[in-house]
Amino acid sequence: MSVDRSHEQRLFIGGEWTEPADGHYEVINPATEDVVGLAPEASRAQVYEAAAAAREAFATWSRTRPEERAAILDRAAGLMQRDFAANAALAQAESGATTGTARGMQVAVGAARFRRYAKGALEPVEEAVPPQINEAGPMGRAGIFGALAVRQPVGVVTCITSYNNPWANPAGKIAPALAMGNTVVVKPAPQDPLSVYRMAEALAEAGVPAGVVNVVSGSRAEVGEAAVDSPDVDMVSFTGSTSVGQRIAEVCGRSMKRQLMELGGKGAAVVLDDADLDSAVAGIGTTFSFYSGQICTAPTRVLVQRGAHDALIEKLTGYAGYLTVGDPTAKGTVVGPVISAAHRDRIESYVELGRKEGARIVTGGERPAPTGRGFYVAPTLLADCTPDMRVVREEIFGPVVVVVPFDDEEEGIALANDSDYGLIDYVWSGDVARAFRVARRLRAGGVGVNTIGRNMEAPFGGFKRSGVGRDVGSYALHAYSELQAIVWPG
């Protein structure tokens with residue numbers, strides 16, 4: 001497929017669309033292997049320039065009235081919605097998402113997050129602290145001291161986003177950061193950055209001042225490294241793998257940059273013997289169907305009590321068998337491609353590893369080729385797994401579910417907690433009190449009880465190697481702020 005060079009994307013730095021110093025690279029459609037567009041390759045110097053522009057803009061933006069920030073975010077959401085069809089088509093082309101996911105879970109959620117944080121900009125930032133009576137002493141005379149806890153913006157925030165949702169994930173960082181009065185440098189995932197530039201276009205048209213939002217992309221690691229180590233950056237918000245997050249944290253630690261990290265997951269789905277198995281299968285089955293399992297919250301590690309084991313395997317097998325794998329633009333497609341050939345090969349290597357470790361491939365395990373092109377992985381179910389297998393312990397990030405049996409409730413809890421990860425776990429039981437009892441003992445940032453659904457005002461983040469900090473709802477506003485205490489004598 002020939003590429004129209006007149007549609008080369010430019011960087012967005014200091015309010016200007018800027019030619020990249022290091023040329024462009026191709027963004028590939030995972031379903032067709034065609035070129036979607038040409039993304040700009042920023043140089044380290046240009047990333048530093050973007051951070052410097054954000055630093056300069058911070059002084060004014062941080063003092064802008066909350067009502068003005070709210071109005072800009074709300075206008076931006078309206079512009080994203082105005083161009084909804086084109087935005088969804090681009091997101092689908094560069095991420096490989098199905099039509100329903102690109103429209104409903106990517107662009108729609110992205111716009112909704114800007115709406116949410118337009119309101120968030122108006123939330124109170126001051127909280128009164130109960131007065132304290134101090135006796136006379138070395139610190140001064142006796143008195144009653146009042147205090148305020150005030151949330152202040154952190155400063156310049158680097159937002160490094162994941163490829164699995166090129167709208168909702170960046171919006172979940174940019175919108176609350178801006179609402180709190182921060183300025184941002186956005187480094188989108190190299191696989192699908194073009195959607196983030198559409199987001200920047202909407203913000204610019206909405207009237208965001210120059211330098212408040214900057215977008216720099218690149219296929220090389222040095223672009224992300226520069227966005228982290230720039231001396232003008234005060235905080236890094238990162239969504240991605242634990243291994244990359246650890247490297248970012250090491251750099252942040254040298255200069256005490258603030259961090260918000262949403263990292264890997266290996267979600268345990270604890271299915272007790274009194275569970276509604278159809279409900280459990282519908283939830284677990286989203287690992288097969290929702291963005292081909294490329295989601296850190298997926299219930300990929302199924303721990304099932306032996307009394308329900310065989311029936312659950314049978315039902316999961318049937319569920320996987322009904323899923324249509326193929327062109328994500330086609331009506332009826334449930335499972336689209338994964339993001340790249342390299343990632344497809346990685347997932348397939350894990351399935352083969354599982355086979356060598358002794359797991360039984362119940363369904364899947366072979367490469368589907370619905371069109372002869374594209375990076376497809378069949379929904380795969382591995383049974384007869386043991387807790388020490390790498391396929392049970394490591395994040396695969398694809399449509400692969402592993403099943404481990406257990407005998408009693410205590411063993412199920414122990415197996416769920418025997419993980420380096422702790423993002424979101426799940427419990428299925430017909431006894432709600434029992435389910436909540438188990439949920440409270442799971443070492444995870446979130447637990448779904450008889451559901452994979454989420455409350456989008458509840459705190460989101462992980463225990464252990466699944467992350468640092470919490471966001472979503474008002475918790476995101478807190479994440480992008482520093483607490484300042486103001487004390488005075490009464």
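The legends below describe close-up views of a predicted model.

**View 1. Tilted ring pair of Trp-17 and Tyr-197.** Four aromatic pairs are counted in the model. In one of them, the ring centres of Trp-17 and Tyr-197 are 6.4 Å apart and the ring planes stand at 50 degrees, so the pair is classed as tilted. Trp-17 belongs to strand β2 (residues 16-18) and Tyr-197 to helix α6 (residues 194-206), so the contact ties together parts that lie 180 residues apart in sequence. Trp-17 is partly exposed, at a relative accessible area of 26%, whereas Tyr-197 is buried, at 0%. Together with Phe-12, Trp-17 and Tyr-197 make up one aromatic cluster.

**View 2. Edge-to-face ring pair of Tyr-163 and Phe-397.** Here the centres are 6.0 Å apart and the planes are at 85 degrees; planes over 60 degrees apart count as edge-to-face, so the pair of Tyr-163 and Phe-397 falls in that class. Tyr-163 sits in the loop between β7 (156-160) and α5 (168-179), and Phe-397 sits in the loop between α13 (390-393) and β16 (400-406). The pair therefore ties together parts 234 residues apart in sequence. Both Tyr-163 and Phe-397 are buried.

**View 3. Arg-454 over the ring of Phe-460.** Arg-454 is placed over the face of Phe-460, and the distance to the ring centre is 4.1 Å.

**View 4. Packing of helices α4 and α5.** Two packed helices are described by the angle between their axes and the distance between the axes. For α4 (residues 99-120) and α5, the angle is about 10 degrees and the axes are 8 Å apart. Angles under 35 degrees count as roughly parallel, and α4 and α5 are therefore roughly parallel to each other. On the α4 side, the contact is made by Met-105, Gln-106, Val-109, Gly-110, Arg-113, Phe-114 and Tyr-117. These meet residues of α5, including Ala-168, Asn-169, Ala-171, Gly-172 and Ile-174, as well as Ala-175, Pro-176 and Ala-179. Sorted by class, the contact of α4 with α5 holds 10 nonpolar, four polar and one charged residues.

**View 5. Buried residues of helix α7.** In α7 (residues 221-229), the buried residues are Val-223, Gly-224, Ala-226, Ala-227 and Val-228. An α-helix has 3.6 residues a turn, so residues three or four places apart point the same way.

How values were computed. Residues are numbered from 1 along each chain as its sequence is written. This is a predicted model: local features need pLDDT of at least 70, side-chain atom pairs count only at pLDDT 80 or more; totals for chains, interfaces and linings use all residues. Side-chain values use heavy atoms; hydrogens and water are left out. Rings of Phe, Tyr and Trp (its six-membered ring) pair if their centres lie within 6.5 Å; planes under 30 degrees apart count as stacked, over 60 as edge-to-face and the rest as tilted. Helices (H or I, at least four residues) and strands (E, at least two) are DSSP runs, numbered from the N terminus. Buried means under 20% relative accessible area, exposed over 50%, partly exposed in between (1.4 Å probe, protein chains only). A charge sits over a ring if NZ of Lys or CZ of Arg is within 6 Å of the ring centre and within 35 degrees of the ring normal. Axes are lines fitted to C-alpha atoms, for helices over the stretch in contact, and angles run from 0 to 180 degrees between N-to-C directions. Angles under 35 degrees count as roughly parallel, over 145 as roughly antiparallel, 65 to 115 as roughly perpendicular and the rest as oblique. Contact means heavy atoms within 4.5 Å. Ala, Val, Leu, Ile, Met, Phe, Trp, Tyr, Cys and Pro count as nonpolar, Asp, Glu, Lys and Arg as charged, and the others, Gly among them, as polar.
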